[in-house]
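Here's a quick tour of one protein model, written for someone just getting started. Keep the 3D view open and find each piece as it comes up.

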Amino acid sequence: MSLRIIDDTVGQQKLKYNPFMMIVDQTVRCNEACFFCWRNDPKKVKEQTKKANKVYDMPFEMVKEIIDQGSKIPSLHTFNVCGPMGDPTVVGDLASRGHYALKMGFPKTMMNTNAVALDEHDPEDLLRAFNEIKVSLDTLDAENYKVIHGKPHLERVLNNIVNYWEVKVKKNIPGNFNAKITLNEKNESEVEDFKAWSEKHGVPIEWKKIHSFIDIMPEYGNDIGVKLCEQPYKTININFRGELTTCCINYKLEPVFGKVGVDGSIKDIWEGEKFETWRKEREEGICKGCAGLGGRLKSADQLMPEYNEMGEEKFNGVY
């Protein structure tokens, strides 16, 4: 995996563990309530939205400050707006945020979206701002869509996906744009329908396994996943309030380790005592029962013996 090349080396800061991705949650707002998400529970939505203190989107100036600091971390090559709190496309100036990250040297700008609000943005602008876009589809049946996503948005979503793909092809815009299908018991009978739809419209499909939100679906958790999860070491997760937090599925907004610009720089917080203590204790805390995330799980048979031999800190200093 190649690292970002930065011409201006003044002020570069190497971080412990060499994180490669920065996930910056843009908002606490969302326009759906998917059955596998914490938003499916109105009580949890009320609790977490209350914690927002009436600031529901990350201000653009805060995003810029975070990107500016991230651009000085040579191991970082991905700016990702796919946090756990809401859908990034509800933020009106989202494209400007992606463009700024590209301007500051991030080669990859990523976004996951439910695609409902894509028609509120200029397709070409957004496609050029984010060169890795995954849109959730999950079903081609209107009633099933309401069961899975909680809202009757299927027709709008399908039109948005096809429109964006046609603009991408017509304008020859580089990057990846996929329809993401999260396979589960509610849509497993539609596999051939998805393939036929993809062939008809040309939109590539990415098949995914069911999502796993901590304490929402603990049956998907396992000890190996917790140990090999690279998020505590390789991904800088920042919630919509500008606070460094644990991982991209932690919707509870706790624990947090400090706010960028208030409690120090990204480097200060990432390497600080509070974050390091949590890394050492996380397996018996918030991470207990989680399935883990990332590419390491694909190589679990190879990596677990090394993990067991080296121990967590040394293992994560290498990988």
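Strand β1 (residues 21–24) and strand β7 pair in the parallel sense, with four bridges between them. One spot to look for is Met 22, which stands opposite Ile 236 in β7. Bear in mind that this is a predicted model.

**Around strand β7**

- Ile 238 has Leu 244 in β8 as its bridge partner.
- The hairpin of β7 and β8 has four residues between the strands, and in it Gly 242 takes a positive phi near 90°.

**The whole sheet**

- Zoom out and you'll see an open sheet of nine strands, in the order β6-β5-β4-β3-β2-β1-β7-β8-β9, with mixed pairing.
- The edges belong to β6 (205–208) and β9 (256–259), each of which pairs on one side only.
- From one strand to the next, the twist averages 25°.
- Elsewhere in the sheet, β2 (residues 78–80) and β3 (residues 108–113) are parallel partners over three bridges, and Thr 78 stands opposite Lys 108 in β3.

**Helices on the sheet**

- Helix α3 (residues 94–103) lies across β2 and β3, and runs at about 155° to β3.
- Helix α6 (residues 154–171) packs on the sheet too, touching β4 (132–136) and β5 (176–182).
- The direction of α6 makes about 155° with that of β5.

**A buried lysine**

- Lys 234 sits in helix α9 (residues 231–234).
- The Lys 234 side chain does reach the backbone oxygen of Tyr 17, at 2.6 Å.
- Leaving aside neighbours within four places in sequence, the residues in contact with Lys 234 include Tyr 17, Phe 20, Trp 270, Arg 296 and Tyr 319.

**Salt bridges**

- The count comes to 20 salt bridges.
- Arg 97 and Asp 93 meet through their side chains in one of them (2.8 Å, N to O). Arg 97 is buried, with a relative accessible area of 3%, whereas Asp 93 counts as partly exposed at 29% relative accessibility.
- Arg 156 forms a salt bridge with Glu 120, and their closest N and O atoms are 3.2 Å apart. Arg 156 lies in helix α6 and Glu 120 in the loop between β3 and α4 (123–129), so this pair ties together parts that are 36 residues apart in sequence.
- Arg 279 and Glu 276 form a salt bridge at 2.6 Å, N to O. Both lie in helix α11 (residues 273–281), three residues apart, about one turn of the helix.
- Both Arg 279 and Glu 276 are buried, and they belong to a network of salt bridges that also links Lys 16 and Glu 313.

Key: Residues numbered from 1 in each chain as written. Predicted model: local features only at pLDDT ≥ 70, side-chain atom pairs only at ≥ 80, totals over all residues. Heavy atoms only, no water. Pairing = 2+ DSSP bridges. Helix = DSSP H or I, 4+ residues; strand = E, 2+ residues; numbered from the N terminus. Axes fitted to C-alpha atoms, helices over the stretch in contact; angles between N-to-C directions. Contact = heavy atoms within 4.5 Å. Polar contact = N/O pair within 3.5 Å; in protein donor to acceptor, adjacent residues only side chain to side chain. Salt bridge = Lys/Arg side-chain N within 4 Å of Asp/Glu carboxyl O. Buried < 20%, exposed > 50% of the residue type's maximum accessible area, 1.4 Å probe, protein only.
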